Each structure stands twice: as C-alpha cells, then as structure tokens.
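Good morning, and thank you for making time for this presentation.

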Amino acid sequence: MHYVPSARLDYRCLNHTDWPFFQALNQDRDVMHFISDSRTDEEIRIHSFEKRLQPWHKGSEHWLCLVISQKDTGIPIGVTGFIERNEGIAEVGFILAAEFHGKGFGSESLKDVARFAFNTHGYRKLTATVTSGNEASRRTLLKVGFQHEGTLRQNYFLHGCWQDDWIFGLLREEFSY
C-alpha cells in the first residue's frame, strides 16, 4: 500500500473493482480530448487498466496508479500517479472526472503526489508531458511549481494528426511543501 498524506483527498492503489470508474473516465471524450483517441472497452482494459493493476515499487517499469477520492464522501474523482523514467526522475500524470474540474483537486493531488515522490521515494526531479492546447493541465502544473522546459514538435499522434507535446519539470529543491 502507498500512503499519500493529504488534507482533503484519499489515495489508494487501483484495483479490479475500479473498472467501471476507470472505464467511464477513459470513455469521457471531454476528459480524454488531449490524452487519447476513442478506444474500445477491450483496448482500455488491456492497454491501460490491467497494466496499472500490477504491484508497484520504485524501479518498476509501469505506472503507479492511484485512485483519488474525496475524504468526506469517498467518491472517486480521478486517478494519478507516476512512472520512473530515468535514475532519480519520474513522470507524473493525472486525470480527473469532468465534474471535478476547476475545484482545486488537480493542483492539490499533484502537490500530494509530488511530495510523496520526493519524500518517500527520493526522486530528484518530476516531469510531465502535456499535449499542446491542454491549458487546464498547463495551469495546474505551473501552479504547483513545474516549469515549462520545452516543446517536442509533432510528437504525439492524436485526432488524426501529429500534435506538439509540452514538457514540464520540477526539481525537488524547487518544490514548495
């Protein structure tokens, strides 16, 4: 189990019973607009859900996937986590259900996960990759202290054409706890 301390949110590892929530999140076109094209249930299950069910430890080659829920209601609001990319570097990611956008949960969960990655797992740097045009994710990353480190031109195929990716980074010593 991965304990991530937080004021308003609870985190727990993704499990088999989360399939309906994970499926709905991944089929919401508004939520997934900058993340992926439409996928079948089978594609979501095999390529995203099943891979994130594996036990995670530092050095794993798959994502640590945590379900985010509100402490007061227990209602799941999204998923977050990270994957190790290089020695001391992890890439973070987060997806919130549409009804929880714009309520501060994105930046709160990103701060919680950054604190967890830096303090518990000793990462020295966190990165994030955002499809260009995803202003909400860009604002969330900047609010937490990430810096825009560059743009990878025509790096991600989405909606039938090549999209640019924005790369963000946050060093441990830059993070405000």
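A polar contact here is a pair of N or O atoms within 3.5 Å; within protein, one must be able to donate a hydrogen and the other to accept it, and residues adjacent in sequence count only if both atoms are side-chain atoms. The model is predicted, so local features need pLDDT of at least 70 and side-chain atom pairs count only at pLDDT 80 or more, whereas totals for chains, interfaces and linings use all residues. Residues are numbered from 1 along each chain as its sequence is written, and side-chain values use heavy atoms, with hydrogens and water left out.

Let us begin with Asp18. A polar atom of its side chain lies 2.8 Å from the backbone nitrogen of Asn15. Asp18 sits in the loop between β1 (9-13) and α1 (19-27); helices (H or I, at least four residues) and strands (E, at least two) are DSSP runs, numbered from the N terminus. Is Asp18 buried or exposed? Its relative accessibility is 5%, so Asp18 counts as buried. The cut-offs are under 20% relative accessible area for buried, over 50% for exposed, and partly exposed in between, with a 1.4 Å probe and protein chains only. Not counting residues up to four places away in sequence, Asp18 touches Arg12, Cys13, Phe49 and Val67, where contact means heavy atoms within 4.5 Å.

Phe49 leads us to helix α3 (residues 41-49), whose buried residues are Ile44, Ser48 and Phe49. They cover an arc of only 70° around the axis, which puts them on the same side of α3; the arc is that of the directions from the helix axis to the C-beta atoms. These buried residues pack against α1.

The largest nonpolar core has 47 residues, and Val79, Phe82, Val92, Leu126, Leu141 and Phe146 have the most contacts inside it. Helix α4 (residues 105-119) supplies the largest share of this core, seven residues. Such a core is a set of buried Ala, Val, Leu, Ile, Met, Phe, Trp, Tyr and Cys residues joined through side-chain atoms within 4.5 Å. Leaving aside neighbours within four places in sequence, Phe82 is in contact with residues including Trp56, Trp63, Val113 and Phe116.

Finally, the whole chain. The protein chain has five helices and seven strands, in the pattern β-α-α-α-β-β-β-α-β-α-β-β. Of its 177 residues, 47% count as buried.
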